[in-house]
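Please look over the model below. The report takes the chains one at a time and then turns to where they meet.

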Amino acid sequence: MTETTETAGVTEHRAAPSRRRTPGTGGGAGTGPRHHGPRGRLLRRATPWLFLVAPLVLLVTFTYVPVGNMIYYSFTDWDGVSPDRNFTGVDNYVQIFTRPEIFRVFFVSFYYLAASVAQIVIALYFATVLSFDLRFRNLFKGILFFPYLINGVAIGFVFLYFFQDGGTLDSVLSWFGVENDHAWLGDPASANTSLAGVSVWRYTGLNFVLFLGAIQSVPGELYEAAQLDGATRWQQFRYIIAPSIRPVIGLSAILAISGSLSVFEIPYIMTTGATGTSTFVIQTVKFAFQFNKTGLASAAAVVLLLIILLVTWIQRRLVPDEKADLV
Amino acid sequence: MGKKTTLAGTFLTVAALTVTGCGGGGAASGETAEAPGDPAAASGTITVLTQRTDLVQSGAMDAYAAEFNKIYPKVKVEFEGLTDYEGEVKIRMNTEDYGDVLMIPASVSKNDYPKFFSPLGAADAMAKKYRFSDKTAVDGKVYGLAQFGTANGFVYNKALWRKAGVTEWPATPQEFLAGLEKVKAKTGAVPYYTNFKDGWPLVQWTANIGSVTCDNYATNKLAGAVSPWKEGGELRTVDTLLHDIVKGGLSEKDPSTTNWEASKAKIAKGEIGSMMLGSWSITQMRDAAEKAGADPADIGFMPFPAKDGSGKYCATLVSDYQQAVNAHSAHKEAARAWIDWFTEKSGYSAKEGAVPTIKSAPMPDTLQDFVDNDVTFVERSERDTGAVNDIDNAAEIGLNKQDYRQKLIDIARGAEKGSVEEYFAQLDKRWNEAAEASGS
């Protein structure tokens with residue numbers, strides 16, 4: 001329920017300023033240009049921007065323009081096709097906040113939120129265990145990360161067979177003598193639990209890799225010293241690993257929450273939101289493409305964006321991003 | 001300082017692009033797309049957008065084009081098969097580039113047809129020759145011609161029903177339910193298959209509006225605050241039957257994981273008793289029967305279990321996609337020539353086992369049972385479809401979407417709280433409120 005692109009984006013932005021160097025001040029002697037005419041200076045000033053042209057154009061075209069359009073649509077009654085659209089002011093927003101059934105679907109997010117807690121715990125456990133020397137360590141790492149590499153649509157279809165009547169899950173259960181007659185995706189509680197389970201299966205690998213990377217950046221001497229002092233594995237985790245990867249855990253928590261609020265593909269592919277599994281994004285898609293209410297759907301998307309920004313902000317205030325300090 | 005200017009610059013660019021981005025869809029001319037008088041005179045390359053990617057890939061469409069070229073030698077026809085037809089065309093219609101001939105997507109509202117398509121002729125004249133033409137008629141002009149139509153009813157396995165001791169078509173919903181009971185008790189097959197997971201087959205139930213009361217104007221009557229689910233309303237009859245089937249345990253055990261492709265072979269092999277579908281499905285089911293080694297003749301089609309005053313069954317005829325000419329097309333004559341030829345002379349509808357658009361053409365073999373048993377074909381008027389759809393969308397019910405019936409099934413099998421009466425009342429309320437708000 002988290003996305004790599006977001007993670008990558010965050011780290012990229014943060015890393016960029018430190019790596020940037022003012023041209024001329026850095027670099028060894030003799031590497032810079034020899035003559036300093038006005039043209040040369042202009043060129044030098046423009047150089048970083050020239051390098052940035054391509055990414056900036058892409059960023060603006062594919063991020064800011066669509067977002068701008070979306071915000072504009074959210075104030076209209078556009079149906080998505082018609083050349084006419086009327087400006088309706090905040091009408092769409094009023095609708096969203098006055099219709100309780102629109103917000104009711106957020107309760108479904110709690111299933112995914114609970115699942116993401118499990119997901120982080122599982123990932124943390126395996127990351128810790130596998131960061132120590134273990135037989136078949138790399139094999140297990142591969143196995144754990146593998147689900148994340150599979151396309152979400154394929155996962156949806158696979159698990160549809162898994163949960164179907166007399167499907168994989170039922171037959172596995174029957175080996176253990178559990179004769180099950182339950183339609184897993186058939187009633188709201190078990191359907192949402194099942195879908196959240198699929199989500200855990202899919203995204204644990206991502207969390208696992210993030211944690212593993214962080215854990216491996218901890219200097220080995222610390223473990224050695226701890227072992228000499230007679231620290232148990234649990235104590236090592238509690239006093240060395242956990243504090244040193246706190247920023248990554250915090251990041252995972254943010255991604256988990258925003259991911260839980262915007263779950264889409266797994267429930268959409270597996271149940272299309274039937275039987276009480278509809279999420280806010282599924283509902284938004286239905287507004288736009290089933291009932292031709294592109295304006296209302298855009299407003300819903302803007303609201304979701306704001307909610308996620310708000311949640312992230314609150315979380316950053318509560319758990320500030322401190323530098324992990326071990327020594 | 002530098003940071004600020006960049007930011008401001010970004011927003012300016014965004015604003016500029018946003019504004020230019022909304023210019024799409026220029027004014028279209030209202031000139032009629034006439035077929036050329038002299039076939040040899042029509043020329044140009046036309047692009048036909050189609051949802052039948054299978055026929056494009058198999059070369060069947062090119063074969064049609066080759067036939068077409070025998071009459072219109074100078075017209076080159078190119079096909080573009082779109083897998084997600086509705087989604088892709090809807091987006092392309094924000095530009096002027098959406099082929100020369102296209103199927104009218106369901107998302108385009110009827111009142112917008114004149115902005116996107118060229119008129120094909122006067123409504124009165126077209127209605128005499130073609131079925132379903134009033135579905136695309138706006139202000140006395142027709143904008144699209146149906147590729148073909150389908151009759152509506154239940155696909156069923158004749159052998160299975162015979163084995164269960166049901167040889168007569170049920171005449172009332174109660175008889176139908178009793179028939180399903182017998183199928184369940186005597187054969188052990190799944191009497192009715194909902195296709196809940198794939199969802200779209202549930203939409204077929206809506207096509208029965210008109211079958212129940214044999215009323216050609218049944219859909220037009222929904223335009224307004226008319227409580228469609230009130231006692232005696234057609235939608236109530238239809239939805240109650242579906243509800244009772246599920247509630248009585250006469251449908252598959254786990255609806256949440258049904259599989260449309262697999263269901264075809266299952267009905268052919270007698271593992272499923274019946275499904276509510278259009279007559280277009282008969283050929284597919286018979287193909288599946290052949291592949292599964294079952295007898296294609298076992299696939300039968302029966303009308304909705306209701307009779308009119310004179311004791312006859314009725315089956316609504318509903319149109320498939322309508323072909324239209326892009327209002328921005330540079331080769332309207334050629335485009336029109338293709339539509340006319342494809343509808344009238346290509347043999348497409350006969351091959352698909354569908355109801356022909358031309359009124360004078362005979363019914364297909366697949367509907368032989370209906371013809372033999374004097375089933376009345378209700379050619380439903382679609383005059384007010386635009387208004388009905390507007391109410392439907394505003395109410396967010398979706399008569400032609402799966403969601404509200406999925407919820408109905410969930411209520412019937414106890415996965416969702418509430419009673420069916422409450423649900424109907426709620427639907428009525430939403431419908432009426434939307435109708436009043438839209439002022440119709």
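In chain A, 69% of the contacts with a separation of 6 or more join residues 24 or more positions apart. The model is predicted. Chain A has 15 helices and 0 strands. Of its 327 residues, 40% are buried. The accessible surface of chain A is about 18,700 Å². Carbon and sulfur atoms hold 67% of that surface.

One residue of chain A can be followed in detail. Thr284(A) sits in helix H14, which spans residues 280-289 of chain A. Is Thr284(A) buried or exposed? Its relative accessibility is 12%, so Thr284(A) counts as buried, the cut-off being under 20%. Neighbours within four places in sequence set aside, Thr284(A) touches Ala297(A), Ala300(A) and Ala301(A).

**Inside chain B**

Chain B splits into two domains. Domain 1 covers 3-148 + 321-354, and domain 2 covers 149-319 + 362-440. Domain 1 of chain B brings 13 residues to the contact, and domain 2 of chain B brings 17 residues. Taken over C-alpha atoms, the centres of the two domains of chain B lie 31 Å apart.

The rule finds 1 salt bridge across this domain interface. Arg131(B) forms a salt bridge with Glu379(B). Their closest N and O atoms are 2.8 Å apart.

**Two interfaces**

The size of an interface is often given as the accessible area lost when the parts come together.

| Interface | Buried area | Share on carbon and sulfur atoms |
|---|---|---|
| Domain 1 of chain B and domain 2 of chain B | about 1,300 Å² | 52% |
| Chain B and chain A | about 3,200 Å² | 53% |

Polar contacts occur at both. Between domain 1 and domain 2 of chain B there are 7 residue pairs in polar contact, both residues at pLDDT 80 or more. Between chain B and chain A there are 17 such residue pairs, again both at pLDDT 80 or more.

**Where the chains meet**

Here 37 residues of chain B are in contact with 41 residues of chain A. Which three residues supply more than any other three of the area that chain B buries against chain A? They are Lys90(B), Lys197(B) and Glu396(B), with 19% of that area.

The rule finds 5 salt bridges across the interface of chain B and chain A. Among them is the pair Lys293(A) and Glu396(B), with the closest N and O atoms 2.7 Å apart.

Four helices of chain B each supply at least two residues of the side that touches chain A: H1 (2-21), H5 (113-116), H16 (385-395) and H17 (403-412). H1(B) gives the most to that side of chain B, with 6 residues.

**Helix H16 of chain B**

H16(B) supplies residues to the side that touches chain A. It also has buried residues: Thr385(B), Gly386(B), Val388(B), Ile391(B), Asp392(B), Asn393(B) and Ala395(B). These buried residues of H16(B) pack against helix H18 (420-437) of chain B. An α-helix has 3.6 residues a turn, so residues three or four places apart point the same way.

Glu396(B) follows H16(B). The phi of Glu396(B) is positive, near 55°. Glu396(B) is also the salt-bridge partner of Lys293(A), and one of the three residues that supply 19% of the area chain B buries against chain A.

How values were computed: Residues numbered from 1 in each chain as written. Chains lettered and ligands numbered in written order. Predicted model: local features only at pLDDT ≥ 70, side-chain atom pairs only at ≥ 80, totals over all residues. Heavy atoms only, no water. Buried < 20%, exposed > 50% of the residue type's maximum accessible area, 1.4 Å probe, protein only. Contact = heavy atoms within 4.5 Å. Areas by Shrake-Rupley, 256 points an atom, 1.4 Å probe, with all protein chains shown as cover. Domains from an automatic or database assignment. Buried area = accessible area lost by both parts, 1.4 Å probe. Salt bridge = Lys/Arg side-chain N within 4 Å of Asp/Glu carboxyl O. Polar contact = N/O pair within 3.5 Å; in protein donor to acceptor, adjacent residues only side chain to side chain.
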